[in-house]
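The sequence and the structure are shown first.

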Amino acid sequence: MLNINNLHAGIEGKKILNGINLQIKPGEIHAIMGPNGSGKSTLASVLAGKEIYEVLEGSVDFLGKDLLELSPEARAAEGLFLAFQYPVEIPGLSTTNFVKTAVNQIRKYHGQEPLDAVAFLKMMKEKMALVNIAQPMLSRPLNEGFSGGEKKRNEVFQMAMLQPKLAILDETDSGLDIDAIRIVANGVMKLRNKDNAVLVVTHYQRLLDYIVPDFVHVLYNGRIVKSGTKELAYELEERGYDFIKNEVNILEPGI
Amino acid sequence: MNEDVSTIEREVLKEYKYGFVTDIEADEAPKGLDESTIRFISAKKNEPEWMLQWRLKAYRQWLNMKQPTWPNVKFPTIDYQDIIYYSAPKQKINPDSLDDIDPELRKTFEKLGISLDEQKRLTGVAVDAVIDSVSISTSFKEQLGELGIIFCSMSEAIQNHPDLIRKYLSSVIPITDNYYAALNSAVFSDGSFCYIPKGVHCPMELSTYFRINASNTGQFERTLIVAEAGSYVSYLEGCTAPMRDENQLHAAVVELVAMDNAEIKYSTVQNWYPGNSEGKGGIYNFVTKRGICAGINSKISWTQVETGSAITWKYPSVILKGDNSTGEFYSVAVTNNHQQADTGTKMLHLGKNTKSRIVSKGISAGVSNNSYRGLVHVSKKAANARNFSQCDSLLLGDKCGAHTFPYIEVKNNTAVVEHEATTSKIGEDQIFYCNQRGIDTETAVALIINGFAKEVMNQLPMEFAVEAQKLLAISLEGSVG
């Protein structure tokens with residue numbers, strides 16, 4: 001589904017990603033962990049197509065398409081979803097209106113007629129039940145005055161509505177208490193099936209108790225320096241990132 | 001970052017779609033302004049002597065007045081001798097039926113989406129169509145007449161309802177109120193008059209559509225709405241003009257009078273030609289609008305969506321004279337490219353327990369300048385006056401300006417006056433967030449803008465809210481993040 005090959009990228013002349021290689025297949029859950037500044041969020045942003053990041057080298061294949069050639073909205077329409085670490089606020093625009101616009105623009109991309117109000121409402125009710133979100137929140141202006149937990153639940157609701165092939169969760173657990181993490185993670189798990197995949201970007205192991213990964217990758221200095229199963233996450237939790245840093249620095253003292 | 005800015009800039013590039021010119025023969029006054037011009041206009045309209053004298057008085061006062069320099073706008077000196085003050089399409093005035101209207105003119109209004117044909121019209125809206133200096137047609141006159149409602153052109157009102165005109169014309173805005181109001185009083189050529197009798201709830205939206213067509217012409221219209229005790233009326237004005245390289249002057253005067261328990265809701269969708277992206281051409285929109293809540297429990301509400309004009313200078317105001325009366329001002333002003341707007345309101349609290357509410361949303365893009373200027377005055381006798389003001393500015397790009405000039409004068413210590421103001425920018429982050437959900441940049445900007453302006457848009461009559469939303473997005477040509 002996703003094939004990242006030797007990806008180098010940076011921002012304003014500063015290089016952050018130094019040759020990422022990663023393959024994700026349908027049905028899999030991957031976790032990318034790493035210390036602060038290792039390039040985790042940059043990777044998520046580059047995949048979603050944020051323009052301030054410059055791709056310097058490498059390629060990304062997404063479902064047979066050259067992802068890096070697509071506009072951000074086309075990437076979304078092709079099935080790539082990014083749950084933001086800091087979802088933005090848009091005053092005066094209700095989540096309902098926002099999501100309806102998104103759903104219909106994606107339908108348009110695929111040459112489908114827009115959903116009428118009745119069909120949209122039906123779909124919304126279904127997904128609301130699935131991710132345990134109530135109507136009043138969706139009528140409020142998008143993310144405005146939302147608590148951290150509400151913002152993240154709203155992200156998961158949008159994910160449910162857009163039914164992506166690949167969902168990237170960028171530090172979805174940051175700023176959430178343990179109850180909120182559980183609610184959000186359960187929402188994500190309910191949306192899983194054999195055809196879609198999840199890429200979890202996180203600093204801590206705790207989110208992975210609920211979204212259990214098939215593979216864990218450790219990102220350090222813009223490269224994946226270690227990959228393993230979920231056991232690797234526990235090891236990181238226990239020993240901290242320093243042991244990875246030490247290992248890498250012994251092998252490649254130049255970094 | 002600059003590259004991102006230009007992406008949005010390109011995305012929302014749209015053209016002014018009302019810029020066409022109708023080729024019709026016009027009956028014009030010679031260029032320039034002196035007493036003979038005024039006599040010419042008055043004679044054309046077959047006006048009574050008192051009206052001519054009223055005009056001449058205004059003209060003589062105007063000669064001694066000076067153009068105001070305090071607004072935060074810049075423009076070259078206007079040569080008042082280089083303007084045509086009267087231009088009327090050569091056709092029968094007050095046609096007996098629509099068949100008498102020049103087909104070119106009918107087509108013009110069809111193109112603007114204003115059908116003069118009652119059957120084809122939006123249901124529930126009566127229209128007075130004004131082109132250049134004259135009113136062409138007023139629809140639904142008979143149906144309204146059955147309720148005692150008068151809705152006609154100002155010229156007709158002067159002929160047929162002189163008592164009402166003499167009583168109320170310039171009763172809210174004295175002829176010497178300001179430079180442009182005096183000029184308007186001297187040379188105004190047409191406009192609309194509405195009179196809602198006691199206890200009548202006007203069953204349809206009344207609307208005037210103004211169109212400038214002829215070149216070198218100024219449009220000076222005059223609107224007067226009187227709502228007798230216990231009556232209600234909702235009124236809407238719209239306006240467009242062809243794209244021309246020269247600047248054209250539009251100096252209107254609108255007066256509203258609300259008696260005991262009466263309510264007037266006045267909505268404007270102003271879409272005069274704003275000039276091109278280099279700042280050439282466009283309308284100078286110098287307008288005086290004021291209403292008086294003369295009676296107890298009366299209410300006047302101004303809603304404006306200002307997207308057009310090279311320069312806008314207007315402050316729809318309310319004099320809250322009656323006890324317990326309410327004044328409201330809801331405004332969205334968009335400036336783009338080289339447009340300049342200095343707009344706001346005055347709420348003058350004279351009566352007891354009077355309330356006012358001001359919600360102003362300024363959106364600036366390009367190299368434009370957008371100023372909110374407002375006065376809240378609470379007089380000595382206005383016990384328990386309440387005001388709430390909210391002034392928000394949204395900036396698109398870093399070359400435009402947003403300014404807020406709130407003036408507050410409180411002479412009674414029981415007053416409660418609140419003022420809130422915010423300034424924000426459309427962020428690349430907001431655009432990217434929308435993009436990431438599959439929404440293209442153009443739609444994203446429209447969503448953000450309409451969200452920002454929502455509180456005001458909600459005040460518009462349903463029939464026009466959708467149109468106004470589209471207009472907002474279209475107006476932001478060359479806007480930036």
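Two residues are in contact if their C-beta atoms, placed from the backbone, lie within 7 Å. Helices (H or I, at least four residues) and strands (E, at least two) are DSSP runs, numbered from the N terminus. This is a predicted model, in which local features need pLDDT of at least 70 and side-chain atom pairs count only at pLDDT 80 or more, while totals for chains, interfaces and linings use all residues. Residues are numbered from 1 along each chain as its sequence is written, and chains are lettered from A and ligands numbered from 1 in the order in which they are written.

**Helix packing**

In chain A, A:K127, A:L130 and A:V131 of α4(A) meet A:R153, A:V156, A:F157, A:A160 and A:M161 of α6(A). By class, this contact has six nonpolar, no polar and two charged residues; Ala, Val, Leu, Ile, Met, Phe, Trp, Tyr, Cys and Pro count as nonpolar, Asp, Glu, Lys and Arg as charged, and the others, Gly among them, as polar.

In chain B, B:Q430, B:I431, B:C434 and B:N435 of α9(B) meet B:T441, B:A444, B:L447 and B:I448 of α10(B). The residues of the contact of α9(B) with α10(B) divide into five nonpolar, three polar and no charged.

The table sets out the geometry of the two pairs. Axes are lines fitted to C-alpha atoms, for helices over the stretch in contact, and angles run from 0 to 180 degrees between N-to-C directions.

| Helix pair | Axes | Angle |
|---|---|---|
| α4 (117–131) and α6 (148–162) of chain A | within 9 Å | roughly 135° |
| α9 (428–436) and α10 (441–457) of chain B | 9 Å apart | about 120° |

Angles under 35 degrees count as roughly parallel, over 145 as roughly antiparallel, 65 to 115 as roughly perpendicular and the rest as oblique. The pair α4(A) and α6(A) is therefore oblique, and α9(B) and α10(B) are therefore oblique to each other. The crossing of α4(A) with α6(A) is right-handed, and α9(B) likewise passes α10(B) in a right-handed crossing; a crossing is left-handed if the near helix is turned anticlockwise from the far one by less than a right angle, and right-handed if clockwise.

**Sheets of chain A**

Two strands pair if DSSP finds at least two bridges between them.

Another open sheet of chain A has six strands in the order β6-β9-β10-β3-β11-β12, with mixed pairing. Here β6 (80–83) and β12 (223–228) of chain A are the edge strands. On average, neighbouring strands of this sheet are turned by 20° against each other, direction ignored. Strand β11 (215–220) of chain A runs antiparallel to β12(A) and is joined to β12(A) by five bridges; the bridge partner of A:Y220 in β12(A) is A:R223.

Chain B has eleven helices and 23 strands. Of its 481 residues, 56% count as buried, a residue being buried if 20 or more other C-beta atoms lie within 10 Å of its own, exposed if 12 or fewer, and partly exposed in between, with C-beta atoms placed from the backbone. Of the contacts in chain B with a separation of 6 or more, 83% are between residues 24 or more positions apart.

In the meeting of the two chains, 17 residues of chain B are in contact with 24 residues of chain A. On the side of chain B that touches chain A, α9 and α10 of chain B each supply at least two residues. By class, this side has six nonpolar, six polar and five charged residues.
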